[in-house]
Amino acid sequence: MSVFAKLEPQVRRNLTVLFAAGLLFWSGLAAHLPTLPLYIQQAGANQHWVGIVMGSFAVGLLVSRPWLARLADSRGRKLVLLIGMTAVALAPLGYLATTSIPPLIGLRAFHGISIAAFALAYSALVVDLSPPPHRGELIGYMSLVNPIGLALGPAIGGFTHEWFGFTPMARAHLATVASNPGSANSKRKNVEFGPTGSGRSP
């Protein structure tokens, strides 16, 4: 962890904000793993359809990834990062709006865009921001958001669903993503993630 002390203050701050954004993203995404199948079952689906709805997540991910990769290079990492956060915030609210299986499949596919966008932009930003002499070490530390988020998310989602139900959990998820420091940081004028994703002050 001493590598962070060697970084320029601006770079260290950007990486810290990015790490917090990644942790909230993966935790929020994983919170639905134990709860969404229960919601789909309550909508009248059997185990077969639960699997189809949950698996349709990969459709949105695979279809959108090539386009998002080109967009990250042409329009900047920040835009793609915000697309991911927007998709992960809106999809749970969409689940609440329907109990029909076909719309749930479509919403789950839309949910997949979130990981395609966020994971792509996050990884690119980490590489862009990391000084070459410490790039491998920083990538290792910054990638910890994935396992930590996937460890915390299901527990948070399960407890929240048990105490409050699916609707409050989805609304809380939206509030969490809306307060994501990555979103707030992207609006600051002194931080610019342009097409090259430099993340340095202009």
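1. Of the 202 residues of the protein, 46% count as buried, where buried stands for under 20% relative accessible area, exposed for over 50% and partly exposed for what falls in between, with a 1.4 Å probe and protein chains only. The model is a predicted one, in which local features need pLDDT of at least 70 and side-chain atom pairs count only at pLDDT 80 or more, while totals for chains, interfaces and linings use all residues. Residues are numbered from 1 along each chain as its sequence is written, and side-chain values use heavy atoms, with hydrogens and water left out.

2. The secondary structure comes to 10 helices and 0 strands, and the elements, read from the N terminus, run α-α-α-α-α-α-α-α-α-α. Helices here are DSSP runs of H or I with at least four residues, strands are runs of E with at least two, and both are numbered from the N terminus.

3. The protein exposes about 9500 Å², of which carbon and sulfur atoms supply 67%; accessible areas come from the Shrake-Rupley method with a 1.4 Å probe, and for residues only the protein chains shown count as cover. Among contacts between residues at least 6 apart in sequence, 79% join residues at least 24 apart, a contact being heavy atoms within 4.5 Å.

4. Two packed helices are described by the angle between their axes and the distance between the axes. For helix 3 (residues 47–55) and helix 4 (residues 57–75), the axes come within 4 Å and cross at roughly 25°. The axes are lines fitted to C-alpha atoms, for helices over the stretch in contact, and the angles run from 0 to 180 degrees between N-to-C directions. Helix 3 and helix 4 are therefore roughly parallel to each other, on a scale where angles under 35 degrees count as roughly parallel, over 145 as roughly antiparallel, 65 to 115 as roughly perpendicular and the rest as oblique.

5. In this pairing, Val 53, Met 54 and Gly 55 of helix 3 meet Phe 57, Ala 58 and Val 59 of helix 4. By class, the contact has 5 nonpolar, 1 polar and no charged residues; Ala, Val, Leu, Ile, Met, Phe, Trp, Tyr, Cys and Pro count as nonpolar, Asp, Glu, Lys and Arg as charged, and the others, Gly among them, as polar.

6. Ser 56 lies in the loop between helix 3 and helix 4 and counts as buried because its relative accessibility is 6%. A polar atom of the Ser 56 side chain lies 2.6 Å from the backbone oxygen of Val 53. A polar contact is a pair of N or O atoms within 3.5 Å; within protein, one must be able to donate a hydrogen and the other to accept it, and residues adjacent in sequence count only if both atoms are side-chain atoms. Not counting residues up to four places away in sequence, Ser 56 touches Ile 105, Arg 108 and Ala 109.

7. Phe 57, which is placed in helix 4, is buried, with a relative accessible area of 13%. Leaving aside neighbours within four places in sequence, Phe 57 is in contact with Leu 29, Arg 108, Ala 109, His 111, Gly 112 and Ile 115. Phe 57 and Arg 108 are 51 residues apart in sequence, yet 5.0 Å apart in space from C-alpha to C-alpha.

8. Ser 64 also lies in helix 4 and is buried, with a relative accessible area of 7%. The side chain of Ser 64 reaches the backbone oxygen of Leu 61 at 3.5 Å. With neighbours within four places in sequence left aside, Ser 64 is in contact with Ile 113 and Ala 116.

9. Pro 131 lies in the loop between helix 6 (101–129) and helix 7 (135–142), and counts as partly exposed at 21% relative accessibility. Not counting residues up to four places away in sequence, Pro 131 touches Leu 7 and Leu 138; Pro 131 and Leu 7 are 124 residues apart in sequence and 8.1 Å apart in space, C-alpha to C-alpha.
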